[in-house]
Amino acid sequence: MPHVDKVIVTNVAALKAKYLNHYRQVWNAVRTLIAADEALGIATRAVALDDEPTLRRFGSPPVSDPGSAHETTQAIDAVWRACRVQDGRLVRLPRLHQRG
């Protein structure tokens with residue numbers, strides 16, 4: 001696993017369900033943040049906790065229910081261990097799918 005300073009975790013299916021046609025804007029904002037971090041020398045990676053191939057590489061099943069604390073914790077813990085995040089920088093897009 002390459003060096004990572006910060007990990008952004010989210011559930012893409014939940015984002016798409018919440019933001020429908022605006023999902024791309026949300027994801028583009030995440031990509032902009034990653035690019036800004038890169039310009040500052042911060043290695044940032046976004047991880048979709050509901051993506052099976054990605055989570056398999058991290059040694060975890062994907063999150064099938066965004067409301068499941070157990071599944072989400074299990075996936076985040078696997079990502080944390082695999083990425084060896086420096087200085088505890090793991091950023092979760094918190095419950096965006098549950099607002100409003």
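Biologist: Which residues have the most contacts inside the largest nonpolar core?

Modeller: In this predicted model, the largest nonpolar core has 14 residues, and those with the most contacts inside it are Val7, Val9, Val47, Leu49, Phe58, Val79 and Cys83. The elements giving two or more residues to this core are β1 (6-10) and α4, and α4 gives the most, with six residues.

Biologist: What makes a set of residues a nonpolar core?

Modeller: The members must be buried Ala, Val, Leu, Ile, Met, Phe, Trp, Tyr or Cys residues joined through side-chain atoms within 4.5 Å.

Biologist: Why is Val63 called buried?

Modeller: Buried means under 20% relative accessible area, exposed over 50% and partly exposed in between, with a 1.4 Å probe and protein chains only; Val63 has 4% relative accessibility and therefore counts as buried.

Biologist: Why is Leu20 called exposed?

Modeller: Leu20 has a relative accessible area of 62%, and is therefore exposed. Leu20 is found in the loop between α1 (12-19) and α2 (23-39), and has a positive phi of about 45 degrees although it is not a glycine.

Residues are numbered from 1 along each chain as its sequence is written. Local features need pLDDT of at least 70, side-chain atom pairs count only at pLDDT 80 or more, and totals for chains, interfaces and linings use all residues, while side-chain values use heavy atoms, leaving out hydrogens and water.

Definitions and conventions: Helix = DSSP H or I, 4+ residues; strand = E, 2+ residues; numbered from the N terminus.
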